[in-house]
Amino acid sequence: MKQHKKGFVLWLLAIAVLLAAALLAGTNPRTETVQEAMRDAVLHNVNQINFLGIKAVNPGLVSAFAVTAVLLAAALIIRIFAIPRFKLAPGRLQLALEEVVGLFDNMAKGSSPHRYGFMGAYIFAVGSYIFVGTLFELLGLQALTVHGHPITLPAPLSDVNAAIATGTLSYLVILSGGIAQNGLKGVGKTLKEFSLPISMSFRLFGALLSGLLVTELVYYYVTLSFVLPVIVGVLFTLLHAIIQTYVLTMLTSLYYGEVSEPAHEKK
């Protein structure tokens, strides 16, 4: 017990020494104001990355390609090496995979009992992308901008273009369910919710962007840039990853179930 207390005290002393040294040393002069940093976090018109020497692109696009590559590689590895070894008595990996797949499959069945096969696969895919893509920013991967300044790669969906693409794709999936089940009547049901892709896109973009801006603001000031960013960054990222994954998948499955419900014939 005494050894644990001594170790804890030593850690506190080390943190205090590092904090004091950093404050005494000061910071490098900023190349941009906090307003410019936060504006660029939204518009991405300054800190762009030269993608493969072809074109300057938003950092979110590089993050999107990285997350997509990771998910595809993970799916390929699981399909080749893990799934053929599944047994009736599941191990830890098999149990975890079955729980995750079952979660989205049950969500699709509960919201769209008439047509849920494709919906279960879609919300699993989009939910995985949102969750992993949101956690991606915790890695703190660095890249160089076209001006030679280092920048941390953000979450892909903190770019408004990615959020709009995700919302629009979900809306098209909902529309496809209505057409497959009810034909032109399904189109009419879906078009009634014309504001759905806008609301889903900007709900997703606003939630992830708010966490990015708060973390950026905390990191900007030296008096706040110790210990606090770890708490703020991890807390915001984890909450957004869980909440936004649940919200978008739930909304998509609910509206899909509504428009794909069979039209009852009049007696």
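Among contacts in the protein chain between residues at least 6 apart in sequence, 69% join residues at least 24 apart. Keep in mind that this is a predicted model. The protein chain carries 9 helices and 4 strands, and buried residues account for 33% of its 267 residues.

**The overall layout**

- Reading from the N terminus, the elements of the protein chain go α-α-β-β-α-α-α-β-β-α-α-α-α.

**Helix 4 on its own**

- Helix 4 has 20 residues, which at 1.5 Å a residue should span 28 Å; its end C-alpha atoms sit 29 Å apart, so the two agree.
- Its buried residues are Gln94, Phe104, Met107, Ala108 and Ser111.
- Lys109 also belongs to helix 4; with a relative accessible area of 36%, Lys109 counts as partly exposed, because that value falls between the 20% limit for buried and the 50% limit for exposed.
- Follow the chain from Lys109 to Gly257 and you cover 148 residues in sequence, yet in space the two are 8.9 Å apart, C-alpha to C-alpha.

**Where helix 4 meets helix 5**

- Helix 4 (residues 92-111) and helix 5 (residues 117-135) have axes that come within 8 Å and cross at roughly 125 degrees.
- That angle lies between 115 and 145 degrees, the range that counts as oblique, so helix 4 and helix 5 are oblique to each other.
- The crossing of helix 4 past helix 5 is right-handed.
- On the helix 4 side, the contact is made by Val100, Val101, Phe104, Met107 and Ala108; helix 5 brings Met119, Gly120, Ile123, Phe124 and Gly127.
- Sorted by class, this contact of helix 4 with helix 5 holds 8 nonpolar residues, 2 polar ones and no charged ones.
- Phe104, Met107 and Ala108 of helix 4 take part in this contact and are also on the list of buried residues.

**Where helix 3 meets helix 5**

- Helix 5 has another meeting to look at: its axis and that of helix 3 (residues 59-82) come within 10 Å and cross at roughly 120 degrees.
- Helix 3 is therefore oblique to helix 5.
- This crossing of helix 3 and helix 5 is right-handed.
- The contact of helix 3 with helix 5 splits into 5 nonpolar, 3 polar and no charged residues.

**Helix 6**

- Buried residues of helix 6 include Ala163, Thr166, Gly167, Ser170 and Tyr171. Further along the helix, Val173, Ile174, Leu175, Gly177, Gly178 and Asn182 are buried as well.
- Just past helix 6 comes Gly183, with a positive phi of about 65 degrees.

**A closer look at Ala162**

- Ala162 is part of helix 6.
- Setting aside neighbours within four places in sequence, Ala162 touches Pro156 and Leu157.
- Ala162 and Leu61 are 101 residues apart along the chain, while their C-alpha atoms are separated by 8.0 Å.

Notes. Residues are numbered from 1 along each chain as its sequence is written. This is a predicted model: local features need pLDDT of at least 70, side-chain atom pairs count only at pLDDT 80 or more; totals for chains, interfaces and linings use all residues. Side-chain values use heavy atoms; hydrogens and water are left out. Buried means under 20% relative accessible area, exposed over 50%, partly exposed in between (1.4 Å probe, protein chains only). Helices (H or I, at least four residues) and strands (E, at least two) are DSSP runs, numbered from the N terminus. Axes are lines fitted to C-alpha atoms, for helices over the stretch in contact, and angles run from 0 to 180 degrees between N-to-C directions. Angles under 35 degrees count as roughly parallel, over 145 as roughly antiparallel, 65 to 115 as roughly perpendicular and the rest as oblique. A crossing is left-handed if the near helix is turned anticlockwise from the far one by less than a right angle, and right-handed if clockwise. Contact means heavy atoms within 4.5 Å. Ala, Val, Leu, Ile, Met, Phe, Trp, Tyr, Cys and Pro count as nonpolar, Asp, Glu, Lys and Arg as charged, and the others, Gly among them, as polar. The expected span of a helix is 1.5 Å times one less than its number of residues.
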